[in-house]
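Me: I have a structure open here and would like to go through it slowly. Could you start with the terms and then walk me through it?

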Amino acid sequence: MNEPEEVYPELHGRIAPMFPEQRPRRLRRSETLRALVAETRLHPQQFIYPLFIVPGRKIREPISSLPGQFHLSPDVAIDEARAAWDEGIRAVLLFGEPEEKDELGRCAADPSGAAQLAIRALKDSLPELIVITDVCLCAYTTHGHCGVVDEAGRILNDPTLELLAETARSHAEAGADIVAPSDMMDGRVGAIRQVLDAAEYHDVGLMAYSAKYASAFYGPFREAAHSAPQFGDRRSYQMAYANRREALREARLDAEEGADIIMVKPALAYLDVIAAVHEELDRPIAAYNVSGEYAMVKATVARGWTEERAIVLEILTGIARAGADLIITYHAREAARWLSE
Ligand SMILES: [Zn+2]
């Protein structure tokens, strides 16, 4: 080894370390030592891969705002999920879209909707794959809000619950393993649990978007899901990004109402929230590494400003280190490939 004294004799002996027995660098000496003492380990089994499902057949259209992601018809979603499965991914999160939107978003519960068809197709061909479904109305309503809207443009909480619960029930009926309400209406977790249990879907799990913040990081997703609000914004129901304690309150309420998994969304600007929720709640914690976070990486990589593999694995490890047990990420497939190399 080239110790400094051998290479630079003039630098040796002028400063004596004060605590030579404490040398943290000992454990950083080699790749294998660093791996041995790693505190956080990523594994493809903790990734959830989002899929955008559209009505039709044989559709695989690139989403321009999310490079590497596609609009998929239910039949083609099988191919995508199988490829992901072969790379080690065990869970997908489906976002559906209707043929035609309506005022109340009732079409979200259509048993022959694209999401429901995709759930059936995926569970038929890949029974072991965990199929999680986003439950919301914003991709299904003409106004693009996540709930029922009155004449004054207010988002009505309680009338929305029934529509959400009916949507979740239709996903359970199609074979979903876990339903994931993302609307942020008060009481929706309890409402969905009640309707699922009444229909004897006791085994269908509930992953709550508990701390979903009104965020500028959702931009690319809204283009992908065609779910941008046609008026106003979502700040009357999604959380304000200045708040951390409120996230704990939301997470506790969702847990009390029956949520099996608690989610924080987005991830990168909310690592402290992930850590706090992980500390406070005795449920698995999921974090959503959202479209804007993904798009920033892709844009930077496209300009040659950073190395993709390195930055993606650093980001995902950071989210896991903060306390996320599960990570929903568009990087899932590429990250799974890198981790298995
Ligand atoms: Zn929504």
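Reply: Helices (H or I, at least four residues) and strands (E, at least two) are DSSP runs, numbered from the N terminus. With that rule, the chain has 12 helices and 12 strands. This is a predicted model, in which local features need pLDDT of at least 70 and side-chain atom pairs count only at pLDDT 80 or more, while totals for chains, interfaces and linings use all residues. Residues are numbered from 1 along each chain as its sequence is written, and side-chain values use heavy atoms, with hydrogens and water left out.

Me: How much of the chain is buried?
Reply: Of the 341 residues in the chain, 52% are buried, where buried means under 20% relative accessible area, exposed means over 50%, and partly exposed lies in between (1.4 Å probe, protein chains only). Along the principal axes, the C-alpha atoms fill a box of roughly 80 × 45 × 40 Å.

Me: Now the metal, which residues are the donors of the zinc ion?
Reply: The protein donors are Cys136 (SG), Cys138 (SG) and Cys146 (SG), which lie 2.2 to 2.4 Å from the zinc ion. Donors are N, O and S atoms within 2.8 Å of the metal (3.2 Å for Na, K and Ca), and because water is not among the atoms, sites may look incomplete. In sequence, the donor residues are spaced C-x1-C-x7-C.

Me: What does the pair Cys136 and Cys146 tie together?
Reply: Both Cys136 and Cys146 lie in the loop between β5 (130–135) and β6 (148–149), so the pair ties together parts that are 10 residues apart in sequence. Cys136 counts as buried at 4% relative accessibility, and Cys146 is buried too, with a relative accessible area of 0%.

Me: Which residues does Asp183 touch?
Reply: Leaving aside residues up to four places away in sequence, Asp183 touches Val135, Cys136, Cys146, Leu164, Arg188 and Tyr237, where contact means heavy atoms within 4.5 Å. Asp183 itself sits in the loop between β8 (178–181) and α6 (188–198), and with 0% relative accessibility it counts as buried.

Me: And what polar partners does the side chain of Asp183 have?
Reply: A polar atom of that side chain lies 2.6 Å from the backbone nitrogen of Met185, and a polar contact of 3.4 Å joins the side chains of Asp183 and Arg188. A polar contact is a pair of N or O atoms within 3.5 Å; within protein, one must be able to donate a hydrogen and the other to accept it, and residues adjacent in sequence count only if both atoms are side-chain atoms.

Me: Which peptide bond is cis?
Reply: The peptide bond from Lys265 to Pro266 is cis, with omega near -10°, and Pro266 is found in the loop between β10 (261–265) and α9 (271–280).

Me: What about phi of Met184 and Glu200?
Reply: Phi of Met184 is near 70°, a positive value in a residue other than glycine, and Glu200 has a positive phi of about 65° although it is not a glycine. Met184 is buried, with a relative accessible area of 4%, whereas Glu200, at 64% relative accessibility, counts as exposed.
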